[in-house]
Amino acid sequence: MTIPGVDTTLPVVRELPAPGSYLCGLTYDGEVFWHSDQEAGEIYALDPATGAVVRTLSCRRVRADLTVGGGALCQVGGRPKRILLIDPTNGEVLAEREVRPPSGRLCGVETSGVMMWMGLRGPSVVQLRDVETMTVRREFAVPGTPSGLTVAGDVVIYADFEAALLRAVDGRDGRLLGEALVDGRPVGLTWDGALVWYADFAGRRLAAVRLPDLLATEAFLGEGDGQRGADRPAPGSAV
């Protein structure tokens, strides 16, 4: 697919197989990747070197991205969507955090200390919320339709499934810092301290790209028409 104004496709520098077929969330806790699959209703701990499954948790309410914080997995799940706090040792749901107003808009999440970044669609925004109260502390409109989301310092990176893009924005003011095509259809995202990993829904794999490659596209921004990608449902987008 050709995206007007975007002619850079980020090179994949690493990849790992995904265990399921309906890829959703992805996060890294410093030791393993955690990856959720909606169709299987499971969350997997994956060896970051080989992609081998080292633990499987049952979670029939998986609906989109996940992150890790406060010793728990934070999975977007349920109807309407909310944050499920899950024990990573046995899959027990420890608590739930309602994301108001209730809806199916929430797709991407990443914890940052006592705060949580979120990507929502319809309209498309990135928010920073208090983890305990889910109060919105910061919000800015973003282009495209966010799916997965991650954070590297002050840079918020989000996936756009429909457009097969990654975008980077400044977490302080929402300024667009870069956008580029990726191979496949990106959903969940995570940052492992060196690479940006995305769950490729089409390729059934986890793929990694370099953040500097994405940020290097900033010089070419503004050349397109602002309408990118086909208007069709994405995984995790149902209300």
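Is R204 buried, partly exposed or exposed? R204 is partly exposed, at a relative accessible area of 49%; buried means under 20% relative accessible area, exposed over 50%, and partly exposed in between (1.4 Å probe, protein chains only).

1. Basis. The model is predicted: local features need pLDDT of at least 70, side-chain atom pairs count only at pLDDT 80 or more, and totals for chains, interfaces and linings use all residues. Residues are numbered from 1 along each chain as its sequence is written, and side-chain values use heavy atoms, with hydrogens and water left out.

2. Overall make-up. The protein has 1 helix and 20 strands; helices (H or I, at least four residues) and strands (E, at least two) are DSSP runs, numbered from the N terminus. Of the 239 residues, 54% are buried. The accessible surface is about 9800 Å², with 49% of it belonging to carbon and sulfur atoms (Shrake-Rupley method, 1.4 Å probe; for residues, only the protein chains shown count as cover). Among contacts (heavy atoms within 4.5 Å) with a separation of 6 or more, 48% involve residues 24 or more positions apart.

3. Nonpolar core. The largest nonpolar core contains 17 residues, and L10, I157, L166, L189, V196 and L214 have the most contacts inside it. Such a core is a set of buried Ala, Val, Leu, Ile, Met, Phe, Trp, Tyr and Cys residues joined through side-chain atoms within 4.5 Å. At least two residues each come from β15 (155-160), β16 (165-170), β17 (176-181), β19 (196-200), β20 (205-209) and α1 (211-215). β15 supplies the largest share, 3 residues. Neighbours within four places in sequence aside, L10 is in contact with L166, A180, L181, V182, V209, D213 and L214.

4. Backbone points to check. Most residues other than glycine have a negative phi, and most peptide bonds are trans. The R79 to P80 peptide bond is cis, with omega near -5 degrees, and P80 sits in the loop between β7 (72-77) and β8 (82-86). The G122 to P123 bond is also cis, with omega near 5 degrees; P123 belongs to the loop between β11 (115-120) and β12 (125-130). A164, not a glycine, has a positive phi of about 55 degrees. A164 lies in the loop between β15 and β16 and is buried, at 8% relative accessible area. R204 has a positive phi near 50 degrees and lies in the loop between β19 and β20.

5. Salt bridges around R205. The count is 16 salt bridges, each a side-chain nitrogen of Lys or Arg within 4 Å of a carboxyl oxygen of Asp or Glu. R205 pairs with E15 at 3.1 Å, N to O. Because R205 is in strand β20 and E15 in strand β1 (residues 14-17), the pair ties together parts 190 residues apart in sequence. R205 is buried at 10%, whereas E15 is partly exposed at 48%. R205 also meets D200 in a salt bridge, at 2.9 Å, N to O, and D200 is buried too.

6. Other salt bridges. R82 and E96 form a salt bridge with their closest N and O atoms 3.1 Å apart. R82 lies in strand β8 and E96 in strand β9 (residues 93-98), so this pair links parts 14 residues apart in sequence.

7. S58. S58, in strand β5 (residues 53-58), counts as exposed at 54% relative accessibility. Beyond neighbours within four places in sequence, S58 is in contact with G41 and G91.
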